[in-house]
Amino acid sequence: MTTTELIWTVIFMALVTYLPRMLPLVLLRDIKMAPFLRTCLQFVPYALLGALIFPNALYSTTSVPSALAGICGSTILAYLRLNLVIVVVGGILCAYIWGRFQCVIF
Amino acid sequence: MPIESAEGAALANRFETGATFSQGLKAGLPIAIGYLPIAVAFGLLARSAGLSLFLTVLMSLLVFAGASQFIAVNLIALGTQAWEIVLTTLIVNLRHFLMSASLSQRLAESLAKPWRSLLAFGITDETFTVASLQCQPILSGPFMLGLNLFAYASWVLGSGLGVVLAGGMPASLQASMGIALYAMFIGLLVPSLRKGLPVIIVVLLAVILQAVMNWAPALNLLATGWKLMISASLAAILGAVIYPQGVKDDDD
């Protein structure tokens, strides 16, 4: 693609990303939702986080074992209620160290 | 600092209703720091796909949606047609529809439509989660602006930094950065599991549904965005059927 084509691609990407973000927030303001629907929406963040993490996280590094090491490391750190930054850096380090370790063994 | 180790990551911000801009910035700090390695990784990838600094930063400025940007850069590198990239982006980012609907019930009702249109741009998995997990029932405009702005600035700056740094970083460390996004999700989710059984059950349902869609024949052909939409909405609906009382708020 030429630079002009790429710029247009990015602009259309921006448009199709913005619309789903904007429409419910603007249009649902004055609508009183049924309690059942409100309860559903209350559960959405947790459901979404769960679905985002597993199983996609397994394929986020070059090997499943190193990704698993990262997942386990960050889960333990998060369970200990450590700062989010420590959880993220710890997860990266676990995945990195396990990846190196694997190279040495196999 | 809003986040103290004793308090737990995402649950720590016990602000009064009508939290201010600076409180939003504080709540956005862990996201901003968490985004940096991911944004740098994005910049590195964009550079290796042959994108210029200008295009990489433009994409982060205008799109501001990590997963879809990673996918788009991959597709560009593969020589995919523009309309396919745009369609994939739409599907991957449709999940924001759910988040936006969920947030529409939490934002102050007095908040006018232009404000809402502005705040909508900053909805990401992370800003949405941090906002949703706030203890106060009503989210104020300035609070959301502070939260989104800090995350946005970090994402844009990090992307640019990644392009500039490309080449200077060992490949094995670059590969390990892919886990950063998920480590952040885990850091947000795990402390919320203490909110009680309904949350745990909903998360388990979502994970099982997502795993089934990922590995079951035929279903695994669905685009990632559809899979996320289906498993998250089904899990939330099932959760509301099993637990009609919903999540117990700390403030109630």
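Modeller: Happy to! B:A218 counts as exposed, at 58% relative accessibility. Do keep in mind that this is a predicted model. B:A218 sits in the loop of chain B that runs between α11 (197-215) and α12 (224-242). Its phi is near 75 degrees, a positive value in a residue other than glycine.

Ten side chains make it up: A:W8, A:I11, A:F12, A:L15, A:L19, A:L23 and A:L27 come from chain A, and B:L61, B:L62 and B:F97 from chain B. Together they have about 880 Å² of accessible area. α1(A) gives the most, with seven residues. At least two residues of the patch come from each of α1 of chain A and α2 (53-62) of chain B. B:F97 belongs to helix α5 (residues 95-104) of chain B. Its relative accessible area is 38%, so B:F97 is partly exposed rather than exposed, the latter term being kept for values over 50%.

Helix α1 of chain A covers residues 3-27, and its 25 residues reach 36 Å from the first C-alpha to the last, close to the 36 Å expected at 1.5 Å a residue. Along the way there is a kink of about 30 degrees at A:L19, shortly before the proline A:P20. A:L19 is also one of the patch residues, which puts the kink at a member of the patch.

Notes:
Residues are numbered from 1 along each chain as its sequence is written. Chains are lettered from A and ligands numbered from 1 in the order in which they are written. This is a predicted model: local features need pLDDT of at least 70, side-chain atom pairs count only at pLDDT 80 or more; totals for chains, interfaces and linings use all residues. Side-chain values use heavy atoms; hydrogens and water are left out. Helices (H or I, at least four residues) and strands (E, at least two) are DSSP runs, numbered from the N terminus. The expected span of a helix is 1.5 Å times one less than its number of residues. The bend at a residue is the angle between axes fitted to the seven residues ending there and the seven starting there. Patches are made of residues with over 30% relative accessible area and no salt bridge: like charges are joined within 9 Å, nonpolar side chains (Val, Leu, Ile, Met, Phe, Trp, Tyr) within 5 Å. Accessible areas come from the Shrake-Rupley method with a 1.4 Å probe; for residues, only the protein chains shown count as cover. A salt bridge is a side-chain nitrogen of Lys or Arg within 4 Å of a carboxyl oxygen of Asp or Glu. Buried means under 20% relative accessible area, exposed over 50%, partly exposed in between (1.4 Å probe, protein chains only).
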